[in-house]
Amino acid sequence: MRIGIVTREWPPDVYGGAGVHVEHLVAAMRSLPGGPDIDVHCFGGPRDDATAHDVPDGLRGVNGALQAIGVDVGIAAALDGADLVHSHTWYANTAGLLAGLVHGIPHVVTAHSLEPRRPWKAEQLGGGYRLSSWAERTAYLAADAVVAVSAGMRDDVLAVYPDLDPARVHVVRNGVDAEAYRPVEAPDTVRALGVDPGRPYALFVGRITRQKGLPHLLAAAEQLPPDAGLVLCAGAADTPAERQEVADAVAALQARREGVVWIEEMLPREQLVPLITGATVFVVPSVYEPLGIVNLEAAACGTAVVASAVGGIPEVVDDGRTGLLVPYDPEDAVAFAGGLAARMTDLLDDPGRAAQMGAAGRERVLAEFGWPAIARQTVEVYASVLAARS
C-alpha cells in the first residue's frame, strides 16, 4: 500500500496543531510492522524527507488562497502511482481531490478544523476565504472518508456538511508524543526566558488568532491573585491588527501587575517543555477547538489544564481529574473571562491539587493517546476505503 500524504506544514515549518499531527502520524505509520509506504508532499522549499512544492512563478504575489490551489495542482500531478491520498487542512484538500479524480485513487481527508466555523479567517484571507471554504466543502463531500480528530469534531463535520454520508466520517483522535513531551524540571531554562520559576504561573501557548481566545485570557488575568504570574508564549499572528491588539492589552496588563511575560515566538521543544512543566496551570481559552493538541502536550508534561469546554476539549481534559473546564458562551464574554479567572485561581492557590491533576493527566495520556494506536486506526481507515473501491 503506497500512501501519498499531502500537507502544507512539514518540519521545520510546523506552526500549528495540524502540522504536529502530520509529523507524528507519519513517523508512527512508518514504524508499524508491515505498514504502508508513505510519500509526503508538502508546501515550501526542499526537504530531505519529503517532496516539497513551491508556489508556481506565475502566482507569486497573488491572493494566498490562489497560491495554495496552484501548489495543489503540482502536488496532484506528482501523486501518480499512489494507491491512496490523504490530505490535511483546506490548503492541501484540493491536491487530494484532484489526485483522486486524475489518477482514480481514493481520497481521505482529516478534519482538523472547519472553515465555516472560523469566519474570522476572512480578515486574514480576504476574498481567499470564499475560495478556501469552497475548496474544503468540495473536497469533503467528494472524499471517500473523512477522519475527525474527536467525536465532537465528527458532530461538527456532519452539522456543517449535512449532505455527507455519516458512514464515511470516522473518529481517530489526536495524540501526543509522550517521550518528547514529558516532565522536565529545568528552572534555569525557564529563568532564561524571562520567567521567574519560583512564582506560580499560568501559561498560554498558541498562535495569535481569534480561535485561541487570547483576548479572553487577558481579560481574565485582571482577576488573578496578585502574586501569580502569567506567561504568554504567543506569536504567528493571523493579521497585524490582531498582533497589535494583543500587544496593547499585554502592555496595559504589565503596567498594572508584575509577572506578566510575553514570549512572541514559537519556542523549540527544548525550551517549551521545561516552561510547560514549570507552570502551575496551563490555560486553553479557545473559542473553537476540534481537539487541541496543546491540551495533550500539557498533560503529557504533568501540568494541570484549565480550558474552555468547546469542541473536542472535553474529550481530552477530564473535568475535575486532569484539569478544569469553563463553559463558553459567545454572547457573554464577561462571564467566560470570570470563569477562566476563577478556575485558574483555584489551582494557582492550591498547587498540590494542581500537581495531582497534572499527574493524572500524564497517566491518561500514556493510556489513551499514544501515536502507535492512532497510526493503526488510520491504516484501518485506509484499508476499509481501498476494500470498498475493489
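## Helix packing, sheet and cores in a predicted model

Helix α8 (residues 214–221) and helix α13 (residues 333–348) cross at roughly 65°, and their axes come within 8 Å. The crossing of α8 and α13 is right-handed. On the α8 side, the contact is made by H216, L217, A219 and A220. On the α13 side, A333, F336, A337, L340, A341 and M344 take part. By class, this contact of α8 with α13 has 9 nonpolar residues, 1 polar residue and no charged residues. The model is predicted, and local features need pLDDT of at least 70.

The sheet is described next. It is open and built from 7 strands in the order β3-β2-β1-β4-β5-β6-β7, with parallel pairing. Strands β3 (51–53) and β7 (169–171) stand at the edges; each has a single partner strand, so one side of each is left without a neighbour in the sheet. From one strand to the next, the twist averages 25°.

Strand β1 (residues 2–7) is joined to strand β2 (residues 37–43) by 6 bridges, and the two run parallel. G4 stands opposite D39 in β2.

| Helix | Residues | Strands contacted | Angle |
|---|---|---|---|
| α15 | 371–389 | β1, β4 (84–88), β5 (107–111), β6 (145–148) and β7 | about 130° with β4 |

The nonpolar cores come next. The largest has 55 residues, and V157, L203 and L275 are those with the most contacts inside it. Not counting residues up to four places away in sequence, L203 touches V231, L275, I276, A279, V281, F282 and V283. A second, separate core of 34 residues includes A202, L253, V306 and A337. A337 of this second core is also one of the α13 residues in the contact with α8.

Is D156 buried or exposed? D156 has a relative accessible area of 14%, which is under the 20% cut-off, so this residue counts as buried. D156 lies in helix α6 (residues 151–160). Leaving aside residues up to four places away in sequence, D156 touches L114, R117 and Y288.

Definitions and conventions
Residues are numbered from 1 along each chain as its sequence is written. This is a predicted model: local features need pLDDT of at least 70, side-chain atom pairs count only at pLDDT 80 or more; totals for chains, interfaces and linings use all residues. Side-chain values use heavy atoms; hydrogens and water are left out. Axes are lines fitted to C-alpha atoms, for helices over the stretch in contact, and angles run from 0 to 180 degrees between N-to-C directions. Helices (H or I, at least four residues) and strands (E, at least two) are DSSP runs, numbered from the N terminus. A crossing is left-handed if the near helix is turned anticlockwise from the far one by less than a right angle, and right-handed if clockwise. Contact means heavy atoms within 4.5 Å. Ala, Val, Leu, Ile, Met, Phe, Trp, Tyr, Cys and Pro count as nonpolar, Asp, Glu, Lys and Arg as charged, and the others, Gly among them, as polar. Buried means under 20% relative accessible area, exposed over 50%, partly exposed in between (1.4 Å probe, protein chains only). A nonpolar core is a set of buried Ala, Val, Leu, Ile, Met, Phe, Trp, Tyr and Cys residues joined through side-chain atoms within 4.5 Å. Two strands pair if DSSP finds at least two bridges between them.
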